[in-house]
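This briefing concerns side-chain contacts in one protein model. Please examine the sequence and the structure before reading the points that follow.

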Amino acid sequence: MIHIVFERKNERYRLVRVSGHAGYDDEGKDIVCAGVSALLGGMLNGLEYFLEDGFDYQVDPSGWSEVILPGRMTEAQDEKAFTIVKTFELGVKMLRADYPDYVRIHEEEVDCDD
């Protein structure tokens, strides 16, 4: 199963973590993994394009990725980051609706500062 975590502070995204494998089909044929990977790649490309080095991320080919958005962004950067990550969230929620046994989403509000 793919696990996706969204952490927010004051309703703004601060962390996105994706881990696991769907197990819907064999490696190379798993359309759920492919869908999440495509959405994740789109999110990372959008964040890189609009924020440049204004965020941190790690991608491990074994099935683990993490995106960290700093709390100290300009208002314009924060709005762009929100829109990009929200688009990713909407996409994975659509996948979860179609494949509920293969995608789990956890959302939490955090109090920590950078």
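Which residues form one aromatic cluster? F6, Y13, F82 and F88 form it. The model is predicted: local features need pLDDT of at least 70, side-chain atom pairs count only at pLDDT 80 or more, and totals for chains, interfaces and linings use all residues. Residues are numbered from 1 along each chain as its sequence is written, and side-chain values use heavy atoms, with hydrogens and water left out.

**Aromatic contacts**

- The structure holds seven aromatic pairs; rings of Phe, Tyr and Trp (its six-membered ring) pair if their centres lie within 6.5 Å, and planes under 30 degrees apart count as stacked, over 60 as edge-to-face and the rest as tilted.
- One of these pairs is formed by Y13 and F82, whose ring centres are 5.4 Å apart; their planes stand at 35°, so the pair is tilted.
- Y13 belongs to strand β2 and F82 to helix α2, so this pair links distant parts of the chain, 69 residues apart; helices (H or I, at least four residues) and strands (E, at least two) are DSSP runs, numbered from the N terminus.
- Y13 has a relative accessible area of 2% and is buried, whereas F82, at 24%, is partly exposed; buried means under 20% relative accessible area, exposed over 50%, and partly exposed in between (1.4 Å probe, protein chains only).
- F55 and Y57 form a stacked aromatic pair, with 5.5 Å from centre to centre and 20° between the planes.
- F55 is buried, its relative accessible area being 6%, while Y57 is partly exposed at 38%.

**A charge over a ring**

- The charged end of R12 sits over the ring of F82, 4.5 Å from the ring centre; a charge sits over a ring if NZ of Lys or CZ of Arg is within 6 Å of the ring centre and within 35 degrees of the ring normal.

**Salt bridges**

- Side chains of opposite charge can pair when their charged atoms come close.
- The structure holds nine salt bridges; a salt bridge is a side-chain nitrogen of Lys or Arg within 4 Å of a carboxyl oxygen of Asp or Glu.
- One of them joins the side chains of R8 and E107, with 3.2 Å from N to O.
- R8 lies in strand β1 (residues 2-9) and E107 in strand β5 (residues 103-109), so this pair ties together parts that are 99 residues apart in sequence.
- R8 counts as buried because its relative accessibility is 13%, whereas E107, at 37%, counts as partly exposed.
- D78 forms a salt bridge with R14, and their closest N and O atoms are 3.7 Å apart.
- D78 is placed in helix α2 (residues 75-98) and R14 in strand β2 (residues 12-19), so the pair ties together parts that are 64 residues apart in sequence.
- D78 counts as buried at 14% relative accessibility, and R14 counts as buried at 14%.

- K93 counts as partly exposed, its relative accessibility being 24%.
- Salt bridges that share partners join R8, K86, E89, K93 and E107 into one network.
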